[in-house]
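Hi,

Here is the structure I promised to pass on.

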Amino acid sequence: MREFFRTLYGKISLIFFLLLFLLGTAQIIISVQSSMNFVCETDQTLNRYLAKNLATKFQPLLKDSLNRAGIDHLIHELMIFNPRIEIYLIDKQGELLAYFADPYKIKNSHIDTAPVVRFVSNDPDVRFPIMGDDPRSDRKKVFSAAPISLPDGQEGYIYIILGSELYDTAINGIGGSYILSTTAFTLVLVLVFAGILGSILFFNLTRRLRRMTLAVSDFDKGDYRRRIQVQSEDELGQLSAAFNHMADTVETSIEEMKKNDALRRELIANISHDLRSPLASIQGYLETIQMKEDTIAPEQRKAFLSTILNGVINLNKLVHELFELSKLDALQTKPRPEPFSIAELLQDVVLKFQPQAESKRINLITKIERNLPFVIGDIGMIDRVLSNLIDNAIRYTPDEGRILVLLSRKKDEVWLCIEDSGEGIPREDLPHIFDRFYRVEKSRSKHSGGSGLGLAIVKKILDAHEIKIDVQSEHGRGTRFSFALRVYHPKRQQTPA
Ligand code: ADP
């Protein structure tokens, strides 16, 4: 039982029943009160002129002096005919002058005349019931009253209490119990029906909460696909939707974390491989030189040293690229956009790669549209992008091939295309070439010497500039990389990339 009242369902039910009970009790009190008021009002209205009519009977007994015996007799007679009234003769100040009762039954020989004055005023605004003092008790009661002339020439009142002592006991016994029992019966009926209905409704309402708790606990245990069925748009529905949304985010984050973890492992494996092979070869060559120090021919020594130098250069390049990429990843290197001439930058980069192209007898052609405007971007980073793309184009184009670098304006952008007549990239590899360490040629043979990081750096830099890069390639025919840089408008505010 204690457990039950600890649940939300138990608590809501308890509060509901308590409220129901309080409301029921309040209703009983109000009903009894208003019924009694109604009885009093009707009684007073019906007997409005009772005192006035009786005043005519009393007036002769007050002609010269107070005919006490006659008055007592008349009061006695009238009260025998109508036992539910008590008749009093009072003066203007409310002092009792005559009545029919044992004196010890009279508790107050003085009554408040304010309600009497209101009663006799015939003011249309006066609303019944008007309650007046009862000389025989401390309770207020309905009455009828009428002015009467006293023998000393003063004015007094005939004051009639309508609910006599006898009547009181009768009405309290019969009326009270009748009203009470009816309302109490209604209350019990309401309690039972509302209780049953409330219990069913609350059970249904809290069932949804129980289902939600179950879903959350399943989720907590690792069932990340667990969702709550949203059945309504109320607060619980909104909570379910919010939970589902949160679960989606958590699930995506977990999947991303798993992916990142896998990527990290792969990355470490790749880095280790890429570092180990050149290091092993450098070590091998150095040991050979050391061992055969006296016998090794000078040409051979030269060849070995040149191989070692190449290895060191490659290692240096790899470490440098890794460092660059990790800085871009950590957002330590952010683009610092500035206006610059892309035509000039491109010419410089092409000039830098000319010897490399010539060594393979590759025809490196540049076509730059005239009067190109300045573009906006981080000049150092764009230099890196151009260098990587042109370097790749030269490395993946066979001897005597052709590379075309184009610069042209289209509306508010300057487009840059690097086209080569190289080996191309197979269709299935195209979506992955921007992934770090991804190489079409998985063997990592030395013929191209790449680390698989060049295009990843290109992508990172262009992403930071919010620039999309497009690649088209046909295996065996060549590859074309293109992207657009925004034209710099001196007067317009440039949004930093
Ligand atoms: P790498 O250092 O190996 O060149 P990149 O990230 O620069 O690494 O390039 C990833 C892969 O994309 C390369 O291994 C290569 O297979 C392919 N690739 C890049 N550019 C070209 C190109 N111009 N022609 C053909 N294949 C290319």
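Below is what turned up, starting with the ground rules.

This is a predicted model, in which local features need pLDDT of at least 70 and side-chain atom pairs count only at pLDDT 80 or more, while totals for chains, interfaces and linings use all residues. Residues are numbered from 1 along each chain as its sequence is written, and side-chain values use heavy atoms, with hydrogens and water left out.

Five strands make an open, antiparallel sheet in the order 2-1-5-4-3. (Strands here are DSSP runs of E with at least two residues, helices are runs of H or I with at least four, and both are numbered from the N terminus; two strands pair if DSSP finds at least two bridges between them.) Strand 2 (96–99) and strand 3 (131–133) are the edges, each pairing on one side only. On average, neighbouring strands are turned by 40 degrees against each other, direction ignored. Helix 3 (residues 50–58) packs on this sheet and touches strand 1, strand 4 (140–149) and strand 5, with its direction at about 40 degrees to that of strand 4. Contact means heavy atoms within 4.5 Å; axes are lines fitted to C-alpha atoms, for helices over the stretch in contact, and angles run from 0 to 180 degrees between N-to-C directions.

Strand 1 (residues 86–91) is worth a look. Six bridges pair it with strand 5 (residues 155–161), and three join it to strand 2. Ile-90 stands opposite Tyr-157 in strand 5 and has Leu-96 as its bridge partner in strand 2. The hairpin of strand 1 and strand 2 has four residues between the strands, and Gly-94 there takes a positive phi near 100 degrees.

Next, the aromatics. There are twelve aromatic pairs, meaning rings of Phe, Tyr and Trp (its six-membered ring) with centres within 6.5 Å; planes under 30 degrees apart are stacked, over 60 edge-to-face, and the rest tilted. Tyr-9 and Phe-203 are edge-to-face, at 5.6 Å centre to centre and 70 degrees between the planes. They link helix 2 (residues 8–46) with helix 6 (residues 165–220), 194 residues apart. Tyr-9 is buried at 16% relative accessible area, whereas Phe-203 is partly exposed at 38%. (Buried is under 20%, exposed over 50%, partly exposed in between, using a 1.4 Å probe and protein chains only.) The charged end of Arg-210 also sits over the Phe-203 ring, 4.7 Å from its centre; that label needs NZ of Lys or CZ of Arg within 6 Å of the ring centre and within 35 degrees of the ring normal. One aromatic cluster is formed by Tyr-88, Tyr-99, Phe-119, Phe-128, Phe-143 and Tyr-159.

Finally, the salt bridges. The count comes to 20, each being a side-chain nitrogen of Lys or Arg within 4 Å of a carboxyl oxygen of Asp or Glu. In one of them, Arg-208 meets Asp-234 at 2.9 Å, N to O. Arg-208 is in helix 6 and Asp-234 in the loop between helix 6 and helix 7, so the pair ties together parts 26 residues apart in sequence. Arg-208 counts as buried at 17%, while Asp-234 is partly exposed at 29%. Another joins Glu-419 to Arg-480, with the closest N and O atoms 2.8 Å apart. Glu-419 lies in strand 10 (residues 413–420) and Arg-480 in strand 12 (residues 478–486), so this pair ties together parts 61 residues apart in sequence. There is also a network of salt bridges with shared partners, joining Arg-225, Arg-227, Asp-248 and Glu-251.

Cheers
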